[in-house]
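Reader: I would like to go through this model one feature at a time. Please give the general idea behind each feature before the case itself.

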Amino acid sequence: HWNYPARWFFRASLLRGEFPSWNPDQGLGFSVFGNPLYSVFYPPNWLFLLGSDEWVAGMLTWQSFGHMVWGSAGVLLLSRRLGASSLGGLVAAVAWGLNGYTTAMWTAGLLLLAGAWVPWIALGFLALARALRDGQQLFTLGLVKAAVPIAMAVLLGEVFIAMIGIGFGITLTLLATLARRGASDAQMGAAPASPPNWRWVVALVAAPVLGGMVGTVVILPARAIAATTERAFPLIRVLAEACSLHPLRLVEFVAPGSMGYAYESYPAARIVGEPLLSGLPLSFSVYMGAATVALALLAFGRGRRLPVLLAALALLVLVISFGRHTPVHNWLRTVVRPLAYMRYPEKYVGLLVACVAVLAGLGTTRMFSGRPQPWRRTVGFLALLVLLGTLAGALFPPDLAPSIRQGALLGVVAVLGVLAAQYLAPRRPRASAAILILCVACDLAAAAWPLQGFGPRGIATAVPPAAAAIQRDFGRRIERPRLYRSEKVEDSVPRWVRATSNPEGEHRSMQTLIHNTVATFGIGTLPGYDAAIPTPLRAVWLSGEKTGQSVLRLLGINYAILPIDEPADRTERRVGIEPMMDPLPGARLYRVPGTLPRVYLAGRAEVLSDEYALRRVFDADVLTGGKVLLAPDAAVPPAALDGVAARAGECRLASFANARIVAHCRADREAIAVFLEQSDLGWRAEVDGHAAPLHRANLMVRGVRLGPGEHTIVLSYHPPALAAGIVGSGLAIASLTGLGLAGLLRRRREQGEPAKA
């Protein structure tokens with residue numbers, strides 16, 4: 001409901017020849033660059049330009065799958081770099097790709113895509129450390145390898161995941177370096193360690209700086225625009241620590257489905273759920289895999305320092321992911337100030353998954369090393385799972401006990417498979433390896449499959465009857481119609497239409513024109529949801545909810561979908577709006593007459609602070625368009641207009657695009673042309689070809705002063721700091737390219753090969 005319309009908007013804008021800098025179809029419009037997650041400059045997103053419109057929804061699935069494979073490949077190479085065998089690397093890759101948290105992230109926006117770059121960031125730092133350790137005078141190739149995955153994560157827009165990945169990569173590199181001291185070359189698979197020096201410090205700082213500079217085209221505009229959004233200030237602790245990992249979910253690490261399944265029954269919702277997410281957690285599963293955990297336990301042994309250090313890192317990450325349940329996360333966001341803007345501590349579980357996967361790879365390597373098998377650990381873990389299932393009724397609430405008992409039983413089966421592989425490892429290694437891979441894959445896949453509610457892409461692409469009705473009724477106007485959909489529809493429709501699967505639930509939401517997604521049918525949605533929607537809209541909306549239909553008319557909302565109590569009763573009890581149709585039992589589509597047009601001429605203007613304007617914005621003469629409230633502006637102070645509080649002429653839209661609007665107006669007297677579009681940084685106005693002041697009107701929309709007569713108004717949007725961001729990114733890309741070429745030429749010279757121009 002966010003990712004699909006975002007990609008659709010990106011594709012549709014470019015194919016129309018428009019730059020996707022401003023999205024007019026959510027809220028009253030917002031700057032796309034205010035939300036880095038639109039990832040306009042992320043190269044894989046350019047693939048959405050291929051194929052037909054109907055492919056976009058399906059391509060989202062393939063994009064997630066491709067990043068899952070990419071992240072798995074990164075974990076495979078990472079575990080190999082840390083000393084795992086080929087089989088161990090394969091186990092680590094499967095453990096990461098099919099992990100409950102990874103597969104749950106298919107439904108959580110871009111967290112899977114960003115998480116796929118984290119192991120590659122760690123690999124880059126390890127490559128940089130290797131170049132430094134080998135005593136290369138130029139470590140340019142290492143810098144490039146470390147900077148590129150950071151740059152890709154930043155261009156994707158998940159700046160916080162990129163920051164977390166940098167911290168993970170540097171920490172892992174330092175731990176690996178520490179583990180090398182005293183370890184044999186055979187154990188670590190590399191040359192003897194040389195002690196870190198000043199060059200290490202320079203390199204570990206330079207790589208993130210270069211990677212971040214590539215992303216300045218994302219970062220600079222977002223920072224410039226953030227002043228008008230919810231990210232203008234650090235989040236308060238309550239908001240920042242929403243979606244913290246509940247300690248009870250530690251049980252789910254080894255017992256699949258022990259909390260329930262979000263698309264079926266989730267009895268743990270009252271304990272681990274989040275009110276902001278309909279009572280469900282951010283990740284529908286955090287199952288690490290009983291077989292994976294059993295293999296991770298095998299990694300430890302006498303003289304094996306790296307597994308101990310990895311386990312310590314995993315424990316630290318786990319405590320941070322607990323968020324509000326411990327003070328550690330708050331300490332971290334206090335010390336590392338950029339993290340004060342990040343929500344959802346549960347995101348740190350992605351680092352825990354990587355640690356556990358690598359440990360499983362190292363454990364697999366030890367299993368096939370020819371040494372005596374550490375049976376006691378596997379048997380002890382098996383006994384722990386048996387005990388968990390046996391005591392579930394006594395330790396946990398009655399509604400949770402059955403699912404925990406069943407999950408523990410499934411975990412027991414998986415660990416028995418590991419025991420079988422351990423038994424066969426010294427006797428029949430090939431058979432043992434096949435059993436082990438099958439055991440890990442089936443253990444994780446069986447738990448992950450219920451989370452993948454795949455359905456036909458037609459659910460997203462087929463035009464719902466309600467959308468078709470709006471399009472017919474609205475006619476061939478230049479602007480797009482606007483729709484309000486009450487959140488209560490989600491509660492009223494299930495009383496009459498029960499969804500038996502996730503695809504059916506999605507189909508039901510689409511039929512009632514769920515927020516944001518309706519934009520793909522050419523309909524704007526209010527209030528909409530996006531991190532970049534300026535905060536004044538929310539303030540007016542919350543205030544307007546007390547006034548009923550007034551807020552709909554003030555914002556130019558043409559249609560509304562509202563809940564109804566009795567579908568069979570055709571008596572309409574709502575006054576002031578006109579029923580059109582019932583998309584589904586329990587919901588009704590209404591036409592809202594008397595809304596303000598998208599551009600009109602107000603004959604009277606008052607200059608008021610936001611505090612007073614919020615009290616007056618629903619006055620009758622404001623709702624009829626006769627009067628407008630202008631915000632004081634130190635740069636371009638607006639002047640009051642002492643005219644009659646009535647319309648002062650006529651306006652019509654001549655063209656309407658993402659970042660350019662043209663209107664023709666005929667003013668009977670001096671007036672303010674009011675555009676019901678979001679006022680924001682970067683918008684400029686021209687009247688009859690000359691620059692004109694653009695004022696913030698009615699707290700959030702745009703106003704332009706006109707004299708009597710006929711005028712042409714052009715509004716155009718220029719994203720703040722975008723030009724500087726493009727220059728910064730271009731310089732960084734050129735620097736990385738130069739460093740890479742210099743490193744390749746030096747390598748060839750050192751190998752005695754002639755360098756080619």
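Author: Start with strand pairing: two strands count as paired if DSSP finds at least two bridges between them. The model is a predicted one. In it, β5 and β7 are joined by 5 bridges and run antiparallel.

Reader: Which residue stands opposite P563 in β7?

Author: A587 of β7 is the residue opposite P563. As a general point, strands of a sheet pair through backbone hydrogen bonds, in either a parallel or an antiparallel sense. The parallel sense is found between β3 (residues 482-485) and β5 (residues 559-563), which share 3 bridges. There, L483 faces Y559 of β5.

Reader: What is the order of the strands in the open sheet?

Author: The order is β4-β3-β5-β7-β6, an open sheet of 5 strands with mixed pairing. β4 (524-526) and β6 (578-581) each have a single partner strand and stand at the edges, so one side of each lacks a neighbour in the sheet. From one strand to the next, the twist averages 35°.

Reader: How many bridges pair β6 and β7, and in which sense?

Author: β6 and β7 pair over 3 bridges in the antiparallel sense. P579 has Y590 in β7 as its bridge partner. The two strands form a hairpin with 5 residues between them, and G586 in the turn has a positive phi of about 100°.

Reader: How many residues of strand β7 are buried?

Author: In β7 (residues 587-591), 4 of the 5 residues are buried, and the strand is mostly covered. In general, side chains of a regular strand alternate between the two faces of the sheet.

Reader: Is the peptide bond from L526 to P527 cis or trans?

Author: The bond from L526 to P527 is cis, its omega being near 0°. P527 belongs to the loop between β4 and α26 (535-544).

Reader: Next, aromatic rings. How many aromatic pairs does the count come to?

Author: Ring planes over 60 degrees apart make a pair edge-to-face, provided the centres lie within 6.5 Å. The count comes to 14 aromatic pairs. For W2 and Y38, the ring centres are 5.1 Å apart and the planes stand at 70°, so this pair is edge-to-face. The pair links distant parts of the chain, 36 residues apart: W2 is in the segment before α1 (3-15), and Y38 is in the loop between β2 (30-31) and α2 (55-81). W2 is buried at a relative accessible area of 15%, and Y38 is buried at 2% relative accessibility.

Reader: Where do W22 and W683 lie in the chain?

Author: The rings of W22 and W683 have centres 5.3 Å apart and planes at 85°, so they too are edge-to-face. W22 is in strand β1 (residues 22-23) and W683 in strand β14 (residues 683-687), and the pair links parts of the chain 661 residues apart. W22 is buried, at 1% relative accessibility, and W683 is buried, with a relative accessible area of 8%.

Reader: Which residue has its charged end over the ring of W683?

Author: That residue is R702, whose charged end sits 3.6 Å from the centre of the W683 ring. R427 lies over the face of Y423, 4.1 Å from the ring centre. Returning to ring pairs, they link W2, F9, F30 and Y38 into a cluster.

Terms used:
Residues are numbered from 1 along each chain as its sequence is written. This is a predicted model: local features need pLDDT of at least 70, side-chain atom pairs count only at pLDDT 80 or more; totals for chains, interfaces and linings use all residues. Side-chain values use heavy atoms; hydrogens and water are left out. Rings of Phe, Tyr and Trp (its six-membered ring) pair if their centres lie within 6.5 Å; planes under 30 degrees apart count as stacked, over 60 as edge-to-face and the rest as tilted. Buried means under 20% relative accessible area, exposed over 50%, partly exposed in between (1.4 Å probe, protein chains only). A charge sits over a ring if NZ of Lys or CZ of Arg is within 6 Å of the ring centre and within 35 degrees of the ring normal. Axes are lines fitted to C-alpha atoms, for helices over the stretch in contact, and angles run from 0 to 180 degrees between N-to-C directions.
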